[in-house]
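This report describes the helix packing and selected residues of the model shown below. Please consult the sequence and the coordinates alongside the text.

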Amino acid sequence: MVSYGNDQINRIENIVGWFESMGLPGFMAYGVALLEIVGGVALIVGLATRFISALFVLLMIGATLKVKLAVGLLGNGQMAGYELDLAFLAMAVYLVINGSKLLSVSQLILQKDSNEFK
């Protein structure tokens, strides 16, 4: 029988330490992990697409400015650059603007297209 509990706790604690070494509050690592896991699943099923995508826009801007900007667009040979982060940012901005239209849980629950503004 394999136990993953302690390994997962050690990994998130390593990320907390990494956040603190960059001058960010360590508790933000838990928020980022929660957003990436729960928000990613919500985007896959089409639940609260615009809201979750807006949070991902903020996350990608923060990650690019705080971590990746110093290594350049294509990286420095030791670390990847921020080209993929820019692609994710563009995708998140698209979803904020357009929302989810096809086969989304939000559309099934609300019985309307998520593009409608009130």
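Thr64 belongs to helix H3; helices (H or I, at least four residues) and strands (E, at least two) are DSSP runs numbered from the N terminus. Thr64 counts as buried because its relative accessibility is 8%; buried means under 20% relative accessible area, exposed over 50%, and partly exposed in between, with a 1.4 Å probe and protein chains only. Not counting residues up to four places away in sequence, Thr64 touches Leu69, Tyr82 and Asp85, where contact means heavy atoms within 4.5 Å.

## Basis of the model

The model is predicted, so that local features need pLDDT of at least 70 and side-chain atom pairs count only at pLDDT 80 or more, while totals for chains, interfaces and linings use all residues. Residues are numbered from 1 along each chain as its sequence is written, and side-chain values use heavy atoms, with hydrogens and water left out.

## Overall architecture

The protein has five helices and zero strands, and from the N terminus on its elements run α-α-α-α-α. Of its 118 residues, 26% count as buried. Among contacts with a separation of 6 or more, 42% are between residues 24 or more positions apart.

## Burial along helix H3

Helix H3 spans residues 49-68, and its buried residues include Thr49, Arg50, Ile52, Ser53 and Phe56. Further along the helix, Val57, Leu59, Met60, Thr64 and Lys68 are buried as well. The cover over these buried residues includes helix H2 (28-45) and helix H4 (83-98).

## Packing of H3 against H4

Two packed helices are described by the angle between their axes and the distance between the axes. The axes of H3 and H4 come within 8 Å and cross at roughly 155°; axes are lines fitted to C-alpha atoms, for helices over the stretch in contact, and angles run from 0 to 180 degrees between N-to-C directions. H3 is therefore roughly antiparallel to H4, given that angles under 35 degrees count as roughly parallel, over 145 as roughly antiparallel, 65 to 115 as roughly perpendicular and the rest as oblique.

On the H3 side, the contact is made by residues including Arg50, Val57, Met60, Ile61 and Thr64, and on the H4 side by residues including Asp85, Leu89, Ala92, Val93 and Val96. By class, this contact has 12 nonpolar, four polar and three charged residues; Ala, Val, Leu, Ile, Met, Phe, Trp, Tyr, Cys and Pro count as nonpolar, Asp, Glu, Lys and Arg as charged, and the others, Gly among them, as polar.

Two residues illustrate this contact. Val57, in H3, counts as buried at 14% relative accessibility. Val57 and Ala92 are 35 residues apart in sequence, yet their C-alpha atoms are 5.7 Å apart. Val57 touches Leu89, Ala92, Val93 and Val96, residues up to four places away in sequence not being counted. Asp85, in H4, is buried with a relative accessible area of 10%. Leaving aside neighbours within four places in sequence, Asp85 is in contact with Met60, Thr64 and Lys68.

## Packing of H2 against H3

H2 and H3 pack at an angle of about 140°, with their axes 10 Å apart, and their crossing is left-handed. Contributors from H2 include Val32, Leu35, Gly39 and Gly40, while those from H3 include Ile52, Leu55, Phe56 and Leu59. The residues of this contact divide into eight nonpolar, four polar and one charged.

The loop between H2 and H3 contains Ala48. Ala48 has a positive phi of about 55° although it is not a glycine, and is partly exposed, with a relative accessible area of 33%.

## Val16 in helix H1

Val16 is found in helix H1 (residues 5-21) and is buried, with a relative accessible area of 9%. The C-alpha atoms of Val16 and Ala29 are separated by 5.4 Å, the two residues being 13 residues apart along the chain. Val16 touches Gly26, Ala29 and Tyr30, with residues up to four places away in sequence not counted.

Methods:
Left-handed = near helix turned anticlockwise from the far one by under 90°.
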